[in-house]
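Here's a quick tour for anyone opening this structure for the first time. Have a look at the model, then read on.

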Amino acid sequence: VIIPFIDAIVNNEKLHISCEKLLYKVQADRVMILELHNGLENANGLPFSKCSATYEAIEQQIKPVAEQYQNVNLSLMPFVNTVFEKGYWCGDVDEILEIDKGLYYKMKSNGTEHFAACLIEGVDKPLAFLFVSFTEPVDTTHNCQYIRENVRHIALEQALLLELNKHNIKH
């Protein structure tokens, strides 16, 4: 019982390091992983899909917000459907106002001006979302491509680590 727990701790540390690496590589202010999980069930026995922030790397002057993203019902966060459909999104936070007012106002209150979101795919199902945010506007034509390449690379690394945690295997 102790060995799988220790392996999970090692993999968790690697997930934190990958978030820090991405934070500095793309000069973001925040990198956060929101892992998908089942919540409670409705009266018909259908599960509520939820996500929770499990990893957060932030710049020194940025206030942590991971606790604001615990047990978030995905039906209250319609923007995630865009990420599910496309696998990736990058742009100014103002672009999501019409799609998801709740997420828009939450991100604006945390100083976010620009962000990227990527679906972290597991072997047989989606595992999490990777959010990367910036408090300054980003040149979307040049930097979005650079951010996309780096976010997708780290998302693949994180998918492996999350899968290993699921199966209690040390990387």
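This is a predicted model: local features need pLDDT of at least 70, side-chain atom pairs count only at pLDDT 80 or more; totals for chains, interfaces and linings use all residues.

Residues are numbered from 1 along each chain as its sequence is written, and side-chain values use heavy atoms, with hydrogens and water left out.

**Aromatic rings**

- Phe-115 has a ring partner in Phe-79: the two form an edge-to-face pair, 5.4 Å centre to centre with 65° between the planes. Rings of Phe, Tyr and Trp (its six-membered ring) pair if their centres lie within 6.5 Å; planes under 30 degrees apart count as stacked, over 60 as edge-to-face and the rest as tilted.
- Phe-79 belongs to helix H2 and Phe-115 to strand E5, so this pair ties together parts that are 36 residues apart in sequence. Helices (H or I, at least four residues) and strands (E, at least two) are DSSP runs, numbered from the N terminus.
- Phe-79 is buried as well, at 0% relative accessibility.
- Together with Trp-89 and Phe-131, Phe-79 and Phe-115 make up one aromatic cluster.
- Across the whole structure, a search turns up 7 aromatic pairs.

**Helix H2**

- H2 runs over residues 79-86, and Phe-79, Val-80, Thr-82 and Val-83 are its buried residues to look for.
- Why do they share a side of H2? They cover an arc of only 150° around the axis, which puts them on the same side (the arc is that of the directions from the helix axis to the C-beta atoms).
- That buried set packs against strand E4 (88-92), helix H3 (101-109), strand E5 (114-121) and strand E6 (126-134), where contact means heavy atoms within 4.5 Å.

- Six strands build an open sheet in the order E3-E2-E1-E6-E5-E4, with antiparallel pairing. Two strands pair if DSSP finds at least two bridges between them.
- Strand E3 (72-73) and E4 are the edge strands, each pairing on one side only.
- E3 and strand E2 (residues 47-58) pair in the antiparallel sense over 2 bridges, and Cys-51 stands opposite Val-72 in E3.

**Salt bridges**

- How many salt bridges does the structure hold? There are 4, each being a side-chain nitrogen of Lys or Arg within 4 Å of a carboxyl oxygen of Asp or Glu.
- In one of them, the side chains of Glu-157 and Lys-21 meet at 3.3 Å, N to O. Glu-157 sits in helix H4 (residues 140-166) and Lys-21 in helix H1 (residues 2-25), so the pair ties together parts that are 136 residues apart in sequence.
- Glu-157 is partly exposed, with a relative accessible area of 25%, and Lys-21 is partly exposed too, at 41%.
- Asp-94 forms a salt bridge with Lys-108, with the closest N and O atoms 3.5 Å apart.
- Lys-108 also forms a salt bridge with Glu-113, and here the closest N and O atoms are 3.3 Å apart. Shared partners join Asp-94, Lys-108 and Glu-113 into one network.

Conventions. Buried means under 20% relative accessible area, exposed over 50%, partly exposed in between (1.4 Å probe, protein chains only).
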